[in-house]
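Hi everyone, thanks for coming. I'd like to walk you through a structure that may be new to you, so please have a look at it first.

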Amino acid sequence: MLTAFVNINSFSQVRVSFDAVSAETGSEEGAPVSAGPNPIAPEIKELAWGAGSFIVFLFFMRLFLVPKVRKGMASRYESIQADHEYASATRDGAKQDVARYESAVAEIRSEASRRLETARQTLDKERQEKVAQVNAQIASRRAAAEAEVAAARAAAQSQIVTAVGAVTTRATQIAVGVSPDAAIVSRSVQQAMEGNRS
Amino acid sequence: MIINSILSFEFPPINELLRWKDVVPGLNKVGLIAVAAALIGTLIFLSAARKDPKVAPKGTRNLAEVSVEFIENNIIMQTMGRDGLGWTPFLLTLFLFVYLCNMPGIIPFIQMPATARMAIPMFLALLVWVIFNVQGIKHQGFFGYFKSVLFPPGVPKALYILVTPIEFISTLIVRPFSLAVRLFANMLAGHLLLVIFALLSEALFQARDKILIPIGVLPFFMLVFLTGFEVLVAFLQAYIFTILAAVYIAGAVHPEH
């Protein structure tokens with residue numbers, strides 16, 4: 001049979017054996033011990049120490065310790081609350097500053113855009129004026145050139161008429177032996193050239 | 001053979017497990033634990049109260065504030081409402097005292113919860129009983145209180161023959177008894193379990209028959225597991241005791257709840 005000898009207060013006499021021995025409990029010295037306290041009935045000394053300890057503990061906690069800790073907690077909570085409110089106010093102020101800044105930026109952008117538009121219109125107007133001026137100069141120069149061309153053509157035409165008239169007069173003189181009237185030849189050449197041109 | 005051997009393991013009588021020599025005349029280990037519990041609680045709060053409350057709490061200050069908030073938010077506000085915040089010191093003291101009396105059950109070389117003896121649970125339960133009855137009489141008057149306890153509203157009058165004796169016994173007699181026994185029995189049972197597995201482990205590890213030594217791992221594992229479990233039980237029993245005290249006081253002060 002497995003048997004354990006146990007002395008709880010010393011824990012020194014625990015042993016296990018298969019031997020058939022009877023269990024015996026004893027004090028550290030091995031002397032028989034009296035039965036322990038009733039496991040359910042309260043002992044007066046335990047009651048007195050327990051009650052006394054609790055009442056003293058409650059006295060200090062009720063009158064001094066908990067109120068002081070609680071007061072410290074309340075003051076810190078109030079401080080945190082005040083800091084929180086201050087932070088909220090600062091945040092609101094910052095938000096207003098940001099709104100003002102954004103408003104100013106929008107205004108400046110609008111002004112810049114307006115000025116840009118004005119400058120663009122001015123530039124466009126000036127550009128158109130310059131273009132018109134240049135076009136006028138071009139037209140003037142073109143007219144002058146055309147006049148020169150017309151004068152040169154007229155001069156060339158006159159030379160051609162004279163040359164053709166001279167050739168025609170000479171050819172007629174060789175062919176028929178009579179010189180034709182120079183005015184008639186000139187008029188005929190003139191009419192022929194004008195007829196070809198039309 | 002091994003099973004037969006284990007089944008014949010002889011365990012000392014329970015009352016031997018609870019015998020503690022007096023440290024000084026009239027003060028045994030249980031009394032010493034109660035004094036230490038009160039002293040530790042006082043020192044924690046004394047240290048907390050001396051620290052600057054304006055800086056972020058840490059150490060004992062943090063512990064004290066967490067315990068105050070735990071009692072207020074998880075016990076008082078749940079059972080008594082905002083009107084019950086005046087009970088914070090009492091309920092906090094009750095919780096801390098019970099918890100600090102429970103915890104030595106798993107502290108090496110102490111290994112005895114003071115609440116595993118009947119004296120402290122009985123005193124605390126009687127104190128709660130006196131307080132909730134006094135509060136009931138104070139708020140409702142003597143006859144008003146006993147009328148609300150013994151003749152609960154909404155019950156058909158014919159049933160009062162049954163209900164009144166039941167309410168009398170349950171409210172005025174069983175409540176303190178159940179409050180004390182619940183704490184005492186849970187802590188004693190936990191203590192006995194730890195003792196059983198500790199003794200069994202030691203006995204098997206020191207067995208003369210070598211075949212029994214490896215088997216000692218099993219009760220040792222249970223011992224470690226139950227030690228961890230007792231941490232939870234110590235907290236839970238303190239919480240249950242305190243919340244029931246709050247419920248009883250709230251019920252006496254505001255019977256309509």
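Let's start with a question: leaving aside its neighbours within four places in sequence, which residues is Val66(A) in contact with? They are Met61(A), Val68(B), Thr88(B), Pro89(B) and Leu92(B), where contact means that the C-beta atoms of two residues, placed from the backbone, lie within 7 Å.

Before going on, a word on what you are seeing. This is a predicted model, in which local features need pLDDT of at least 70, side-chain atom pairs count only at pLDDT 80 or more, and totals for chains, interfaces and linings use all residues. Residues are numbered from 1 along each chain as its sequence is written, while chains are lettered from A and ligands numbered from 1 in the order in which they are written.

Back to Val66(A), which sits in helix 1 of chain A. Val66(A) counts as buried because 24 other C-beta atoms lie within 10 Å; the cut-off for buried is 20 or more such atoms within 10 Å, with C-beta atoms placed from the backbone. Its contact Met61(A) is also where helix 1 of chain A bends by about 55 degrees, an angle taken between axes fitted to the seven residues ending there and the seven starting there. From Val66(A) to Glu148(A) is 82 residues in sequence and 119 Å in space, C-alpha to C-alpha. After helix 1 of chain A comes Gly177(A), with a positive phi near 80 degrees.

As for chain A overall, its pattern along the sequence is β-β-α-α. Helices here are DSSP runs of H or I with at least four residues, and strands are runs of E with at least two, numbered from the N terminus. Of its 198 residues, 11% are buried.

Val98(B) touches, among others beyond four places in sequence, Leu124(B), Leu183(B) and Phe241(B).

Finally, a helix pair. In helix 6 of chain B, Gly136(B), Ile137(B) and Gln140(B) meet residues of helix 7 of chain B, including Phe142(B) and Tyr145(B). Thanks, and I'm happy to take questions!

Methods
A residue is buried if 20 or more other C-beta atoms lie within 10 Å of its own, exposed if 12 or fewer, and partly exposed in between; C-beta atoms are placed from the backbone.
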